[in-house]
Amino acid sequence: MTEDELQNLIEKTLPAADLHGLFVEECQDQDVRLRFSLAAGEAWSMPALLSLVDTALRAAAGLEARLTHLNVTVLKPAQAADVLALSRVIRRDGDSIHAEVWLFSHTAIDPMLHATASLRRFLPG
């Protein structure tokens with residue numbers, strides 16, 4: 001899937017409240033790099049960061065996947081800057097998917113949050 005295709009799919013699938021100015025920077029196989037932007041005058045809250053985690057994990061694992069288990073480690077507070085999310089699938093086992101995501105403030109140098117997750121693919125039908 002190309003960056004533009006993933007961008008369009010995410011915008012069609014997820015609620016507008018979860019997008020946070022989403023821009024798909026890179027999409028290769030099962031590795032995804034997303035950038036999220038704050039609206040003017042806003043700050044990142046923990047619920048908003050968890051929304052970014054969910055979006056990034058599903059972008060890597062497949063948007064039909066849903067979280068079943070989530071482990072989050074907050075390494076430092078979020079800055080009032082764009083958030084860069086690097087997510088990847090670690091393992092696929094049938095309908096189960098194991099993935100991780102790193103969140104960074106502005107650039108991918110010093111992470112502020114790391115999450116590992118198990119997801120399950122739920123196909124329509």
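Which residues make the nonpolar surface patch of about 380 Å²? Met46, Leu50, Leu67, Leu70 and Val74 do. The legends below describe a predicted model, in which local features need pLDDT of at least 70, side-chain atom pairs count only at pLDDT 80 or more, and totals for chains, interfaces and linings use all residues. Residues are numbered from 1 along each chain as its sequence is written, and side-chain values use heavy atoms, leaving out hydrogens and water.

**View 1. The nonpolar patch draws on α2 and β3.** Helix α2 (46–61) and strand β3 (65–74) each supply at least two of its residues, with β3 giving the largest share, three. (Patch members have over 30% relative accessible area and no salt bridge, and nonpolar side chains are joined within 5 Å; a salt bridge is a side-chain nitrogen of Lys or Arg within 4 Å of a carboxyl oxygen of Asp or Glu; areas are Shrake-Rupley values with a 1.4 Å probe; helices, H or I, have at least four residues and strands, E, at least two, as DSSP runs.)

**View 2. Leu67 sits in strand β3.** Leu67 is partly exposed, at a relative accessible area of 32% (buried is under 20%, exposed over 50%, partly exposed in between).

**View 3. Strand β3 meets β6.** The two run antiparallel, joined by nine bridges (pairing takes at least two DSSP bridges). Leu70 has Ala117 of β6 as its bridge partner. Of the eleven residues in β6 (111–121), eight are buried.

**View 4. Strand β5 pairs with β6.** Nine bridges link β5 (96–105) to β6 in the antiparallel sense, and Leu103 stands opposite Leu113 in β6. Five residues lie between the strands of this hairpin, where His106 takes a positive phi near 70 degrees.

Note on methods. Patch = residues over 30% accessible without salt bridge, like charges linked within 9 Å, V, L, I, M, F, W, Y side chains within 5 Å. Buried < 20%, exposed > 50% of the residue type's maximum accessible area, 1.4 Å probe, protein only.
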